[in-house]
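Subject: Structure handover, with notes on what was found

Dear colleague,

I am passing on the structure below, together with some notes on its pocket and its helix packing. Please read the notes with the structure open beside you.

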Amino acid sequence: MNVRSTEFRVQEGQKVDLHKWPTAVEPIYESKKQYQKLLKKHVEELSSLQQLLYASSRYALLLIFQAMDAAGKDGAIMHVMSGVNPQGCQVFSYKHPSAMELQHDFLWRTTRDLPERGRIGIFNRSYYEEVLIVRVHPEILRSEGIAGGSLDEKTVWESRFRSIVDLEQHLHRNGTRIVKFYLHLSKDEQRKRFLQRIDEPHKNWKFSLADVEERKFWRRYMSAYEDCLTATSTREAPWYVVPADDKENARLIVSQIILDTLNRLEMAYPEVSNERRQELQSIRERLTNGDLD
């Protein structure tokens, strides 16, 4: 099975019904060995393209990962980006905002971490939490210290969607390419992974009772995600709904989408002038002859 990125892309204006998007598809790989071989190939290609991205310094790439707990965000980031030069890539994880962050608009804390041209930035959760978990738990919104007129739940989400789309279009116009992944996990698979975290001692640290409590709000989360994906997937900053019940398959899909994105960019290594070539040749001759020892 070849990965066709468009199969997982939410088209601009498309109304999303997550019941119609699979959480599992036919595996791309036939065995664990083949999976490792394919992932290694993707990682090597990604490393090469990341070097080109850095050298050309025309674009920045922002990767956003959102999902329910235990969907595999950390694993996807770790495995897919394992071959990228750390100097050209940064990962930021966002949890509950601090007291200082709550004194600013909801986009402020992530805006500080946007990648510069030539680099890849990864958001493990992001400003999208403000239209997902905050929507499921509106008491969070009321604690954010926002002026009362901005708390109307009939309009606040549409307003935040507009702010997000405006920001992403601004970033696109200025060279940042944005790819957003929703790792689509089934509720049954999440339960299995939670049980695994309890049963396997080396995974106990990953388990949180709070994560289990959030399962009670599953339908509300799915509704929030559907509205979010519908409102904010654009041609400039698309969402990809990645089936996540098979972790290995999800990683291969994610890595292929990133590769496709980078391959569409107009990138080239800086050209060397004739004068520079002559200078380099002169230096080479001097090094060869030992004149610089």
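The largest pocket has a volume of about 1300 Å³; a pocket here is an open set of points on a 1 Å grid over the protein atoms alone, where a 1.4 Å probe fits and protein lies on both sides within 12 Å along at least five of seven lines, and its volume is the space filled by probe spheres set on points joined across faces, edges and corners. Please bear in mind that this is a predicted model, in which local features need pLDDT of at least 70 and side-chain atom pairs count only at pLDDT 80 or more, while totals for chains, interfaces and linings use all residues. Residues are numbered from 1 along each chain as its sequence is written, and side-chain values use heavy atoms, with hydrogens and water left out.

The lining of this largest pocket (residues with an atom within 4 Å of a point) comprises 44 residues, and Asp-69, Lys-73, Lys-95, Arg-125 and Asp-211 lie nearest the centre. Among the elements that give two or more residues to the lining are helix 2 (73–80), helix 7 (187–199) and helix 10 (247–263), where helices are DSSP runs of H or I with at least four residues, strands are E runs of at least two, and both are numbered from the N terminus. Helix 2 gives the most, with four residues. By class, the lining holds 18 nonpolar, nine polar and 17 charged residues, counting Ala, Val, Leu, Ile, Met, Phe, Trp, Tyr, Cys and Pro as nonpolar, Asp, Glu, Lys and Arg as charged, and the others, Gly among them, as polar.

Helix 2 also packs against helix 10, at an angle of about 55° and with their axes 10 Å apart; axes are lines fitted to C-alpha atoms over the stretch in contact, and angles run from 0 to 180 degrees between N-to-C directions. The two helices are therefore oblique to each other, given that angles under 35 degrees count as roughly parallel, over 145 as roughly antiparallel, 65 to 115 as roughly perpendicular and the rest as oblique. In this pair, Gly-75, Ala-76, His-79 and Val-80 of helix 2 meet Arg-251, Val-254, Ser-255 and Ile-258 of helix 10, contact meaning heavy atoms within 4.5 Å. These residues divide into four nonpolar, three polar and one charged.

Helix 1 (residues 32–56) packs with helix 10 at an angle of about 25°, their axes being 10 Å apart, and these two are therefore roughly parallel.

Best wishes
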